[in-house]
Structures are given as C-alpha cells and as structure tokens.
Amino acid sequence: MFSDELLKYDWDEITARIASKTAADVERALAARRPAIDDFMALVSPAAAPYLEQMAAKSRALTQKRFGKTVSMYIPMYITNSCTNSCVYCGFNRHNKQPRVVLDPEQIEAECRAIRRLGPFENLLLVTGENPHVAGTDYLERALQVCRPYFSNLTIEVMPLASEDYLRLTRSGLNGVVCFQETYHRERYKVYHPAGMKSNFEWRVNGFDRMGQAGVHKIGMGVLIGLEDWRTDVTMMAMHLRYLQARYWRTRYSVNFPRLRPSESGYQPNVVMTDRELAQLTFAFRIFDEDVDISVSTREKPDFRDHMATLGATSMSAGSRTEPGGYETYPQALEQFAVSDDRSPAEVADALRRAGCEVVWKDWDKVFD
Ligand code: SF4
C-alpha cells in the first residue's frame, strides 16, 4: 500500500531537494527522454521559472503527439452536499449550518435531462459529500443506474470505498474514480481534516490501491493547492502516480491541481500559487508523463483555461454547478465552491475551437464496459 511507501520519504528533505535545484538540473530534465522524479522536482522548482517558454513548447509538443489537439469535455453533477467530515476549507463542512440536500432517483434523472439540454456531454462526474449513511454504496449504485442511459462514461468523486465496493460499482456502469488526497503532508493533513472518516490519512491515501485492485478503468488524482508547499505536494503526487502505474498498469490516470477558492467555510489559503506557477506545474506534469490526462478546473479563469488547453491540459468541465440539484432541482442550494469560469458549454467549446483545439464530447461507449 502506498502509505507504507510514503514512509520512506521525508517531507522536509524533499522540500529542501526541490529548493536546491539549479538551472543545470532544469536543463537536464528538459533533455531527459523519460524524466525521473528528480527531474520532476527540477521542473517544479523555482530554478525552472526562467524556462517557462521552453517548458511550454515541450509540453505542447508532447501533448499533441499523444492526444492531438483534443480536449475532452465533462460535466459534474453534485447529488448530495450532506457530509460528516469537517474539512476546514470546504463549504460542505458538517459544521456549516446550511440546508443539506440528497437527490432521490427521480431528481437525479431530472438533472441528467437538464445536463443533456445544456450540451452534448457524454462524460459525467457524479459528486457527493462524504456521508455513508445517506450516500453509501447502495445509493451510489442506484445513482449510476439512473445516469447510465444518459451518458457513455460515468466517473464518481465520492468518499474512498472498499475494493469490493469499487468492484460492485464497476459492474453497475462505473468507469472512473476521482479522489483528492488534498495534501500528502501526513501531520498537517490532520489539521485540515480534524474529524470524520476523512481524518484517516491512511484510508484515503490507500484508496487508490483499492481502486487499482478493483480494476477501475480510470483513476483521477489531485492535491488541493493552497494547503501546504505545493511543490512538495505535487512531487509526492508524482511519486504516487509512478507507484500506481507500476502496479495497476491497465488503468488510465488523470491529475488535477485545483487552487483553493472562496467557499462558505470562509477559509483563506495558506499558500498562494500564481498563474505562472500553475502553468509551470501543468507543463512539468506533461513533460514528466506523456500519457496522463491533465484536467484544468472551472476554478480557473476562462483565458487561463483556454490557454492551458493548447499547451498541456487535455480535459475540462464546462457549465459546472457545484450545488446538488443545481441544473434543475435546487438551483439555490449550498455550493461547494465558487467557479471562475461561468461560460456556457457552447461558449467554452467555441473558445477552444478558436484556439485551435478539437472538442471531444464522447470518447467511450457503454459497449466497452
Ligand atoms: S471536502 Fe469533501 S469531505 Fe471535506 S467537507 Fe467538503 S465535501 Fe465533505
């Protein structure tokens, strides 16, 4: 399990190694045929900042070689904001006295129809808070069954599950699982996640092994930028990615690095990442791994998203509502965070085409399940 692997690494030592990288290290990383973790550290280090143009050019070339100019579109559907956790940065925190919503199957179906009216989406991301009493495996299985006729590809972003639950959901039409580790800093993790099942660092970080063991087709990983030193966090995520690829090699992987946005929690980020740094990270990940799908969040501004889609990112959401029932049933319910890109799906698609991208709504079919 990855929690054991992680014990081999010391957070402060990795932070110091990244800070010590030089221009020569960056140039070596840029020339590497298959960059190693040490190269990745150089590419995300402050020493790489003057190399942003070279990194962008290499990232663009690698992305086009592997993905063409495609950008895969998806849309999230929040089906409950009920949560038993206390993540200090999140609007769904259980201490937030806002009304909670758990969509029933009829309401989920109404949301499916509303999304289909918004655009030709075939990739759906079902999102819940973490409350096993109201949104456990039975509820998720029913939700997948309701959504299946409307979409070709179903991904969930829910509480970490047991391997047998992932397997069961896979048999009910699940194609992918997204889970955010938030931070790999084991001690500080407990400060941000003080109570509830999410406070169990090992259960969360080992959830990716359980997904791999269950044969989940695609695993999405992410850290939340704004908690701890982002360079160290993404380096540990890169190590985690390599670890998973070596063991669960039939699975595809995606990465995402959202920056903290304002929410009902009122939490202010500890660490601020600039747009240039987020671009550097996107390019570094592409150079590190040609195959990984890189998603760019609706937390980012339209111009930035469009730009990243031409340089390294390969998937994005559009028209997103981050409140359960937000497309049709409860447009005013509690949202998880404020989005920065509020363009319609058609406007996003038009902007991407003008930037030279090919917008892909469907790249999977139920027949492959
Ligand atoms: S981040 Fe997830 S688990 Fe934490 S409070 Fe928000 S919805 Fe719940």
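A residue counts as buried here if 20 or more other C-beta atoms, placed from the backbone, lie within 10 Å of its own, as exposed if 12 or fewer do, and as partly exposed in between. The model is predicted: local features need pLDDT of at least 70, side-chain atom pairs count only at pLDDT 80 or more, and totals for chains, interfaces and linings use all residues. Residues are numbered from 1 along each chain as its sequence is written.

**View 1. Leu241 sits in helix 12 (residues 230-247).** Helices are DSSP runs of H or I with at least four residues, strands are E runs of at least two, and both are numbered from the N terminus. Leu241 is buried because 22 other C-beta atoms lie within 10 Å. Leaving aside residues up to four places away in sequence, Leu241 touches Met221, Tyr253, Val255, Asp289 and Val292 (contact: C-beta atoms, placed from the backbone, within 7 Å). Phe208 is 33 residues from Leu241 in sequence, yet 9.6 Å away in space, C-alpha to C-alpha.

**View 2. Helix 7 (residues 137-147) has a buried face.** Tyr139, Leu140, Ala143, Leu144, Val146 and Cys147 are its buried residues. Looking down the axis, they fall within an arc of 160°, so they line one face of helix 7 (the arc is that of the directions from the helix axis to the C-beta atoms). They pack against strand 1 (70-80), helix 6 (105-118), strand 2 (123-128), strand 3 (153-157) and helix 8 (163-170).

**View 3. Leu124 and its contacts.** Skipping residues up to four places away in sequence, Leu124 touches Tyr74, Ile75, Met77, Cys147, Phe151 and Leu154.

Technical notes
Contact = placed C-beta atoms within 7 Å.
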